[in-house]
Amino acid sequence: MTDVITEEPVELQLERYRTELTGYCYRMLGSVFEAEDAVQETMVRAWRGHGGFEGRSALRSWLYRIATNVCLDALNGRNSRARPMDLAGPVTVATAYDTQLPEVTWIGPAPDGRVLSETGDPADVAAQRESVKLAFVAVLQRLAPRQRAVLILREVLGWKAAEVAELLGVTVASVNSALQRARAALAADGSAVRPAPELDEEHRALLDRYVRAFEAYDMDGLAALLHEDVTLNMPPFAMWLRGRDELREWMLGPGHGCRGSQLLPVTANGGPAFGQYRPSPEGGHEPWALIVPEVSGDKITGFTNFLDTDVLFPLFGLPPRLDAEPAEPAVPAEPAAG
């Protein structure tokens, strides 16, 4: 893990690491906004201290040391972010409630371009995408902060134990012990995720069918794409649903306002996502949710619908609304007489 220190301006030397540091801090903190704040603080501290740095260690390692300390300070004495499934059991449509919890409660979505570098070995790029999936980030949040840092540095970023020990100012034995405890915690967690295969053409075709079924509000077609234990959660609401039948009942009941929606594709957390626009009384469509699906095998296994569109749609480069389009005929044309 070495860097070539050049004569280029300090700001440019530091800027080369912004994206990967943001990805690291996002995994640590569970919020891309907090991650970007942490990286900005890291850059300020590095710029101020660069005169005394003198290349005693690799610049990248030094920046990660600063970023780790910033994240650990941010996590000190506060609850980790979570998903609704981490806080309580599922509800049914009949027992659904409308309790909302503050933004700081929830793991947030991240645009790929803010947290992932698309350069490098394809296998490494794919592994990095998997490591920012919402389910994996949620698992990380259940670890103690230092265990979280060790696991990310060792198993996600591929640092050696000695390098992590130097970064944290501890012994190699301490790093190995923390890694063992982190692995044991994940193994004991029934919701811990395993790496999924790269999203292939079959999965993309599945999501294309989902878009068509959702926009047509074809609940039979949509249900056929869902795993029987599919989940739906909608931060900032604390409740969540489980099961194909519950989702269908929700969409035809409390969620019926989604009928006539349009979806725009984006990328979030290492995979496809969609900006959902619901019909507006004024015409056209207005933002409603950022939908991040989860896919396994030949089924969709979950949806996280983030409803804070005032903040999230600009973050993902989604337009503030969709203009009205010419109306389609309400009734299909009569078939020609045979």
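1. Let's start at Pro-287, which touches Gln-276, Tyr-277, Thr-309, Phe-313, Pro-319, Pro-320 and Arg-321, leaving aside residues up to four places away in sequence (contact means heavy atoms within 4.5 Å). Pro-287 and Thr-309 are 22 residues apart in sequence, with their C-alpha atoms 6.3 Å apart in space. Pro-287 belongs to strand 5 and has 24% relative accessibility, so it counts as partly exposed. The classes here are buried under 20% relative accessible area, exposed over 50%, and partly exposed in between, using a 1.4 Å probe and protein chains only.

2. A word on provenance: this is a predicted model, where local features need pLDDT of at least 70, side-chain atom pairs count only at pLDDT 80 or more, and totals for chains, interfaces and linings use all residues. Residues are numbered from 1 along each chain as its sequence is written, and side-chain values use heavy atoms, with hydrogens and water left out.

3. Now the overall picture. The protein has 15 helices and six strands; these are DSSP runs numbered from the N terminus, helices being H or I with at least four residues and strands E with at least two. Of its 338 residues, 46% count as buried. Among contacts with a separation of 6 or more, 66% are between residues 24 or more positions apart. The protein exposes about 16,900 Å², and carbon and sulfur atoms supply 53% of that (Shrake-Rupley areas with a 1.4 Å probe; for residues, only the protein chains shown count as cover).

4. The sheet is open, with six strands in the order 2-1-6-5-4-3 and mixed pairing. Its edge strands are strand 2 (240–242) and strand 3, each pairing on one side only. From one strand to the next the twist averages 20°. Two strands pair if DSSP finds at least two bridges between them. For angles, axes are lines fitted to C-alpha atoms (for helices, over the stretch in contact), and values run from 0 to 180 degrees between N-to-C directions. Helix 14 (residues 244–252) lies across strand 1 (226–233), strand 2 and strand 6, at about 50° to strand 1.

5. Strand 3 (residues 262–268) pairs with strand 4 in the antiparallel sense over seven bridges, with Val-266 opposite Ala-273. These two strands make a hairpin with two residues between them, and Asn-269 in the turn has a positive phi of about 50°.

6. Strand 4 also pairs antiparallel with strand 5 (residues 285–296), over six bridges, and Pro-279 has His-285 as its bridge partner. That hairpin has five residues between the strands, with Gly-283 in the turn at a positive phi of about 100°. Strand 5 runs antiparallel to strand 6 (residues 299–306), joined by seven bridges; Ile-291 is partnered with Asn-305 there.

7. On to the aromatics: the whole structure holds seven aromatic pairs. Ring centres of Phe, Tyr and Trp (six-membered ring) must lie within 6.5 Å; planes under 30 degrees apart are stacked, over 60 edge-to-face, the rest tilted. Tyr-64 and Trp-159 are edge-to-face, 5.3 Å centre to centre with 65° between the planes. Both Tyr-64 and Trp-159 are buried.
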